[in-house]
Amino acid sequence: MNFQQRHAQQYADLTSPEVIDAVRDRTLVWPIGSVEQHGPHLPLSVDLLLAEDFGNAIAEGVSGLVLPTLSIGARSLPQSGGGLHFPGTLYLQGASLLSTLTDTLSALRHLPYRQLVIVNGHFENEALVFEAIDSARDAGYFGDRSVAAFSWWSLTRDEWIAENLPDFPGWHAEHAGLTETSLMMHLHPDLVRAQRPIHLDTPRSGIYAHPIDPTTFTTEGVLSSTVGASEEIGSRLFLHVLDQALSLIRTKSNNWKSDPDAGSDSVNA
Ligand SMILES: [Zn+2]
């Protein structure tokens, strides 16, 4: 059975009288996504679905509860998501997203959870998610609880990339490319269309150039290559990230004791 086919317990399915006891000393997992163009072959929901799938699997692995996915994320930028040159993308301005994140963390502070895990699926969200956590920490919202936040791709090991993605273009350019296409083929094959656009001249990371000509940094909204995308790569990547996530969370639960192999026996999908 795949993790995504299991039913991790959903926070929002609880009733108000149930919630305090249900979250006491538990891990809360919060997926953060976006609604963003992902080329002609993938749906607008890629970033929110992948954050949700990883979030559900992580919650299953640590017997945690999953908070409702934050579906609208930060503004898509040209060099990492194609920008707003393609129809369909919805976004919050940075200040609005920061407020949404911090307000939610403020509301959660009243609950007796033990640990919060935030799983991000949208490149442009990351700095704002980290800033929100840092200001929530400053404001005392976490007390002595622990927090782990990451974008799912940040957990991939260099060795795994070298072995599985020899032409890896960098995560900023892996937009609607090989990894997202493969994960979607594995997790949501019914949502993946037949086209496989290729953009070989991938944009460089960390540069914003105006004026913008979308055809120079994307092919139909795709920033890199989709060649070789497969359900098999998607399955391997999903389990690799999940394994790393569970290892990170368990290590953090043990006061950051170094135990790089902690998650290696934890994935049994
Ligand atoms: Zn994406």
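Predicted model: local features only at pLDDT ≥ 70, side-chain atom pairs only at ≥ 80, totals over all residues.
Residues are numbered from 1 along each chain as its sequence is written.

**Overall build**

- The secondary structure of the chain comes to 9 helices and 5 strands, and along the sequence these follow the pattern β-α-β-α-β-α-α-β-α-β-α-α-α-α.
- The chain is as compact as a globular protein of its length, because its radius of gyration of 18 Å is close to the 18 Å that the globule rule gives for 269 residues; the radius is taken over C-alpha atoms, and the rule is 2.2 Å times the number of residues to the power 0.38.
- Along its principal axes, the C-alpha trace spans about 55 × 40 × 35 Å.
- Of the 269 residues, 44% count as buried, a term that requires 20 or more other C-beta atoms within 10 Å of a residue's own, whereas exposed requires 12 or fewer and partly exposed lies in between, with C-beta atoms placed from the backbone.
- Among contacts in the chain with a separation of 6 or more, 77% come from residues 24 or more positions apart, a contact being two residues whose C-beta atoms, placed from the backbone, lie within 7 Å.

**The sheet and its helices**

- The 5 strands form an open sheet in the order S1-S3-S2-S4-S5 with parallel pairing, where two strands pair if DSSP finds at least two bridges between them.
- Strand S1 (9–10) and strand S5 (146–151) are the edge strands, each pairing on one side only.
- Strand S2 (residues 27–32) is joined to strand S4 (residues 115–120) by 6 bridges, and within this pairing proline 31 has valine 119 as its bridge partner.
- S4 also pairs with S5 in the parallel sense over 6 bridges, with leucine 116 standing opposite valine 147.
- S4, helix H5 (residues 126–138) and S5 make a right-handed β-α-β unit, meaning that, with the strands pointing away from the viewer, the path from the first strand over the helix to the second runs clockwise.
- Helix H1 (residues 16–23) is hardly covered, since the count of buried residues among its 8 residues is 0.

**Backbone exceptions**

- Most residues other than glycine have a negative phi, and most peptide bonds are trans.
- The bond between histidine 210 and proline 211 is a cis peptide bond, with omega of about 0 degrees.
- Serine 63, in the loop between H2 and S3, has a positive phi of about 55 degrees although it is not a glycine, and it counts as exposed because it has 10 C-beta neighbours inside 10 Å.
- Alanine 176, in the loop between helix H6 (158–164) and H7, has a positive phi of about 60 degrees, and it counts as buried because it has 28 C-beta neighbours inside 10 Å.

**Glycine 234**

- Glycine 234 is found in helix H9 (residues 231–253) and counts as buried, with 23 C-beta neighbours inside 10 Å.
- Not counting residues up to four places away in sequence, glycine 234 touches Ser182, Leu183, Met185, His186 and Leu187.

Note on methods: Helix = DSSP H or I, 4+ residues; strand = E, 2+ residues; numbered from the N terminus.
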